[in-house]
Amino acid sequence: MVSVALPILIPLVAGALSLAFWQSQIAQRWIAVIGTGLLLASTVYLLLQVQHEGFVVMHMGDWQGPFGIVLVADVLGAIMAVLAGITGFAVAIYSLGSMGDGHERFGYYPLLHLLLAGVCGAFLTGDIFNLYVWVEVLLVASFGLLILGGERAQMEGAIKYVALNLVSSLLLLTGVGLVYGMAGTLNMADLAYKFSQVEDTGMITVVAMLFLVSFAIKAAAFPLFFWLPASYHTPPVAVSALFAGLLTKVGVYALFRVFTLLFTQDVGLTHTIILWGAGFTMLTGVLGAAAQFEFRRILSFHIVSQIGYMIMGLALYTPLALIGGVFYIMHHIIVKANLFLVSGVAYILRGSYELKQLGGLYKSSPVLAMLFLVPAMSLAGMPPLSGFFAKFIIVRAAIEAESYWIVGVALLVGLLTLFSMVKIWTEAFWKPTPEGVAIIELPGMRRAMLYGPIMGMALMTLVIGLYAQPIYDLAEQSATQLMDPSLYIEAVLGDPASGLSPSERLIHDAAQAGEAAAGNGAAINGAAGNGMEGEAP
Amino acid sequence: MEPLMAFVVGGLYAAAIYLLLRRSLAKLIIGLILLSNGANLLIFTAAGLSRGAPPLIPEGLQTPDAVVADPLPQALVLTAIVISFGVLAFAVVLIHRAYEVVKSDDLDMMKDTDR
């Protein structure tokens with residue numbers, strides 16, 4: 001079952017190799033492409049394996065869970081890992097054409113690999129403290145990427161990003177500490193089992209709030225999203241795209257994980273809070289975007305607004321809503337990363353991200369205009385693109401759950417998203433090039449490196465839209481697993497029906513094995529014991 | 001022992017949040033340091049404090065014969081200390097660089113990216 005560890009090991013090894021070739025940019029570039037390519041291949045393999053065989057579980061160091069750390073890939077975790085692989089691979093190729101010489105020389109590629117390792121680790125771990133550690137790994141890497149270049153705006157953005165994310169991590173640590181104090185275990189499956197046996201669940205809900213606040217900061221949900229629009233438009237665009245695709249989604253994934261597996265004691269309270277948060281997140285994000293006139297800032301605010309749709313799927317907590325949420329994550333990561341990549345090409349062609357300075361891109365590069373239109377219309381939810389089906393499932397789930405106000409918010413936000421996208425389209429692509437703006441031509445090789453990933457991801461958006469059924473089936477599989485925590489518990493710890501709790505059963509088994517082995521092992525034990533006594537002073 | 005620790009942890013959290021709400025960058029960092037120390041002590045306390053009971057299994061037995069201290073919280077705290085040391089070292093360097101670039105310690109002077 002080593003396949004579940006590969007998506008973590010490959011980027012770690014690739015990162016270490018890039019550090020070893022610190023002097024050689026060419027070697028680092030090759031390692032970046034090959035490393036992320038291998039990562040993508042390993043995650044796809046993992047997803048296929050999870051689909052055919054069910055949960056893939058690995059007990060690290062052969063220490064049985066719940067005592068050792070386990071890596072667990074369920075369908076949701078594997079889907080997220082594949083998306084991390086896709087984004088990582090696309091961004092690595094795009095970086096070859098867009099990253100400045102200075103950035104490459106000061107450790108861009110090692111940090112890229114480290115970030116991907118942290119993200120995949122967070123998606124695949126089955127241990128709540130281990131989740132905290134992986135989140136810190138990806139945070140440290142993201143800090144480094146965010147300030148690479150050292151401009152004033154980057155410093156200002158980084159301070160807000162770093163401060164709020166550290167507070168969020170410390171809240172998570174507080175929550176983990178309290179959970180350990182209550183349950184005496186950190187294994188998520190064991191926790192889920194123990195929490196399901198508790199009668200008085202008041203304290204669990206209190207701790208759940210700590211997790212909610214912590215992951216909501218990371219997911220940039222209302223009212224805790226302020227760090228995101230303040231920082232995401234400052235680093236080099238490849239970094240922005242990587243962050244936009246993956247970082248907030250770690251928070252969303254963690255919310256999905258803990259609020260379907262661990263904290264389902266008081267759904268009426270916790271998930272209602274999440275639902276209100278989702279509504280306000282959608283609305284504030286899209287209104288913030290309407291007020292902006294900088295390409296990447298508009299897109300940053302739209303990340304916030306789209307996060308609302310995903311956690312709305314979680315908040316409604318019906319099978320269809322979870323399907324919608326997972327489908328939305330799949331659609332969103334690809335579309336949002338792609339839009340940032342397009343904004344980077346527009347920047348290279350016109351030398352600015354300000355919509356006022358952009359213009360005439362439709363005339364000078366019609367291919368780019370088409371490549372913008374696909375993800376932009378998908379983001380707004382135009383059929384037959386991926387965003388339409390994502391929104392359709394979620395809205396239908398909300399109607400079935402009879403939460404009509406959130407349906408209204410979701411549809412209104414879709415309309416305002418269309419407004420923002422049309423604003424970018426008319427300003428950057430349709431209007432004539434403003435006077436005095438230099439038009440830069442791209443050489444052929446660089447063009448291929450920039451356009452290749454954008455085309456690939458636009459194609460994926462089309463495929464998700466046109467062949468929505470297989471993607472829907474995938475999301476349905478993950479939702480089935482999320483709605484029934486006993487599947488997860490059983491996969492990690494074995495059948496809980498034997499009456500003993502998982503940890504008790506392991507102790508029981510170990511004691512039995514010990515008794516059986518005691519007869520023939522006594523001589524060896526005795527010899528070892530004597531040896532130790534002999535050495536003692 | 002636990003009530004005393006609870007007050008210490010509560011005091012650390014309160015002081016940390018007060019400092020985080022100040023405008024000065026240096027106080028922000030001190031607040032984060034206090035918060036991480038508070039969180040570490042909280043893990044330690046929440047898992048239960050016990051003295052003079054090392055988690056050792058006597059010779060010839062498979063399980064400990066009496067109540068022993070739980071060694072895991074110490075491993076967690078150690079990990080958390082290392083991580084927070086790393087990220088806080090980064091944060092200190094970051095505010096130093098930001099101070100050099102912005103020429104101010106005041107968060108209100110850092111609104112360029114919010115416009």
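Here are some questions and answers about a predicted model with chains A and B.

Me: Let's start with the overall fold; how many helices and strands does chain A have?
Reply: Chain A is 537 residues long, and its C-alpha atoms fill a box of roughly 90 × 60 × 40 Å along the principal axes. Its secondary structure comes to 22 helices and two strands.

Me: What is the radius of gyration of chain A, and what does the globule rule give for 537 residues?
Reply: Buried residues make up 61% of chain A. Of its contacts between residues at least 6 apart in sequence, 80% join residues at least 24 apart. Chain A is as compact as a globular protein of its length, because its radius of gyration is close to what the rule gives: 24 Å for the chain, and from the rule 24 Å.

Me: And chain B, what radius of gyration does it have?
Reply: Chain B reads α-α-α along the sequence, with three helices and zero strands. Its C-alpha trace spans about 70 × 25 × 20 Å along the principal axes. A compact globule of 115 residues would come out near 13 Å, but chain B has 20 Å.

Me: What share of the residues in chain B is buried?
Reply: A residue counts as buried when its relative accessible area is under 20%. Chain B exposes about 6,800 Å², with carbon and sulfur atoms supplying 68% of that. Of its 115 residues, the buried share is 35%.

Me: Back to the strands of chain A: do β1 and β2 run parallel or antiparallel, and how many bridges join them?
Reply: Strand β1 covers residues 56-59, and β2 covers residues 70-73.

Me: Which residues lie on each side of β2 in chain A, and are they buried or exposed?
Reply: In a regular strand, side chains alternate between the two faces of the sheet. In β2 of chain A, A:Val70 and A:Val72 are on one side, with A:Leu71 and A:Ala73 on the other. Both faces are covered, and these four residues are all buried.

Me: Now the backbone geometry; where is the peptide bond with omega of about 0 degrees, and is it cis or trans?
Reply: Most residues other than glycine have a negative phi, and most peptide bonds are trans. A:Pro223 sits in the loop between α9 (202-219) and α10 (227-231) of chain A. The bond in question joins A:Phe222 to A:Pro223, and it is cis.

Me: What is the relative accessible area of B:Lys103?
Reply: B:Lys103 is in the segment after α3 (72-102) of chain B. This residue has a positive phi too, near 60 degrees. Exposed means over 50%, and B:Lys103 is exposed, with a relative accessible area of 65%.

Definitions and conventions. Residues are numbered from 1 along each chain as its sequence is written. Chains are lettered from A and ligands numbered from 1 in the order in which they are written. Side-chain values use heavy atoms; hydrogens and water are left out. Buried means under 20% relative accessible area, exposed over 50%, partly exposed in between (1.4 Å probe, protein chains only). Two strands pair if DSSP finds at least two bridges between them. The radius of gyration is taken over C-alpha atoms; the globule rule is 2.2 Å times the number of residues to the power 0.38. Contact means heavy atoms within 4.5 Å. Accessible areas come from the Shrake-Rupley method with a 1.4 Å probe; for residues, only the protein chains shown count as cover.
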